[in-house]
Amino acid sequence: MLFLVATLLLLGVLLGTVAHAPLSFSVAVGTVIAVWLGVFALRERHGRGRGSSAH
């Protein structure tokens with residue numbers, strides 16, 4: 001529960017920051033995050049295909 005509260009607090013701070021940042025900066029950071037998440041998803045999918053699981 002504490003993790004959820006901390007996450008929501010951090011999200012609120014970040015959204016407040018984005019509201020005051022220039023649009024081009026927000027789009028650039030959003031693009032970087034989207035690429036990072038895409039690479040992470042591809043690595044996870046590829047890693048699970050080889051059977052290397054921590055569970």
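These are my notebook entries on a predicted model of one protein chain.

**Ground rules.** I am working with a predicted model, in which local features need pLDDT of at least 70 and side-chain atom pairs count only at pLDDT 80 or more, while totals for chains, interfaces and linings use all residues. Residues are numbered from 1 along each chain as its sequence is written, and side-chain values use heavy atoms, with hydrogens and water left out.

**Chain.** I looked up the secondary structure and found 2 helices and 0 strands (DSSP runs, H or I of at least four residues for helices and E of at least two for strands). Of the 55 residues, 2% are buried (under 20% relative accessible area, with a 1.4 Å probe and protein chains only; exposed is over 50%, and partly exposed lies in between). I noted an accessible surface of about 5,200 Å², with 76% of it belonging to carbon and sulfur atoms (Shrake-Rupley method, 1.4 Å probe).

**Helix H1.** I then checked Val 5, which sits in helix H1, residues 2-20, and which counts as partly exposed because its relative accessible area is 46%.

**Pocket.** I recorded a volume of about 160 Å³ for the largest pocket (an open set of points on a 1 Å grid where a 1.4 Å probe fits, with protein on both sides within 12 Å along at least five of seven lines; lining residues have an atom within 4 Å of a point). Its lining includes Leu 14, Phe 25 and Ile 33, and the elements giving two or more residues to this lining are H1 and helix H2 (23-49). The largest share, 5 residues, comes from H2.

How values were computed. Grid points are joined across faces, edges and corners, and a volume is the space filled by probe spheres set on the points.
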